Amino acid sequence: MPVARIRPARSEDEQPLRLLDRATWSYQHAVSPPPGPDDPFFRERSGPSDHLGAELDGTLVGYVRLGFPTELASNTHVRQIRGLAVADAARGHGVGRALVREAVEEARRLGARRITLRVLGHNTAARKLYESEGFTVEGVQPEEFHLDGAYVDDVLMGQSLL
């Protein structure tokens, strides 16, 4: 499989990213209900400029959403990975890793001192990816979510960008 090209998302990516988001939704990584068929992908607080897309042969096969962990001015030195998805057909080919690496670099370019994320405790594949890219566990909120009939930990991870 060719190497994915990571690029900034554009407004015309709305439809393919919405379809990708719906196709990849799972309680393995999501705490909110599945997106509806007419729910927009880009929203007021997370537009195209907050996303990087992964393309293979001109087709979007993944994205990462980068934002602020809070709306507080005292927290603007931190960026947070607020979403990551890779199409089933592109999994296992380094697309997720490329997106994480580019998100870290984008946070650096934006002047962030830290980058953080939240991952569900049972999502071991994602946790291993993040750990291999320099993220460490900074906290665990036990049984923070009740998903699909089970209580699930919320794992807080981060790394310094200095």
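## Strand pairing

Two strands are taken to pair if DSSP finds at least two bridges between them; the strands themselves (E, at least two residues) and the helices (H or I, at least four residues) are DSSP runs, numbered from the N terminus. The structure is a predicted model, in which local features need pLDDT of at least 70 and side-chain atom pairs count only at pLDDT 80 or more, while totals for chains, interfaces and linings use all residues. Residues are numbered from 1 along each chain as its sequence is written, and side-chain values use heavy atoms, with hydrogens and water left out.

Strand β3 has two antiparallel partners among the strands described here: six bridges join β2 to β3, and β3 pairs with β4 over six bridges.

## Nonpolar core

A nonpolar core is a set of buried Ala, Val, Leu, Ile, Met, Phe, Trp, Tyr and Cys residues joined through side-chain atoms within 4.5 Å. The largest such core holds 36 residues, of which Leu17, Ile81, Val95, Ile115, Tyr130 and Phe135 touch the most other members. At least two residues of this core come from each of α1, β2, β3, β4, α2, β5, α3 and β7, and α2 gives the most, with six residues. In soluble globular proteins, nonpolar side chains tend to be buried together.

Contact here means heavy atoms within 4.5 Å. Leaving aside residues up to four places away in sequence, Val95 touches Ala4, Ala54, Leu56, Val61, Val86 and Ala90.

## Helix α3

Helix α3 spans residues 124-132, and Ala126, Leu129 and Tyr130 are buried in it. Viewed down the helix axis, its buried residues fall within an arc of 95° (the arc of the directions from the axis to the C-beta atoms), so they line one face of α3. These buried residues pack against β4 (78-86), α2 (95-109), β5 (114-120) and β7 (150-160). Just after the helix, Gly134 takes a positive phi of about 95°.

## Aromatic pairs

Rings of Phe, Tyr and Trp (its six-membered ring) pair if their centres lie within 6.5 Å; planes under 30 degrees apart count as stacked, over 60 as edge-to-face and the rest as tilted. The whole structure contains four aromatic pairs. One of them is the edge-to-face pair of Trp25 and Tyr27, at 4.7 Å centre to centre with 70° between the planes. Trp25 is partly exposed at 23% relative accessibility, and Tyr27 is also partly exposed at 30%.

The ring centres of Phe41 and Tyr63 are 4.9 Å apart and their planes stand at 80°, so this pair is edge-to-face. It links distant parts of the chain, 22 residues apart: Phe41 lies in the loop between α1 (14-24) and β2 (51-56), and Tyr63 in strand β3. Phe41 is buried at 3% relative accessible area, as is Tyr63 at 4%. Phe41, Phe42 and Tyr63 form one aromatic cluster.

Definitions and conventions:
Buried < 20%, exposed > 50% of the residue type's maximum accessible area, 1.4 Å probe, protein only.
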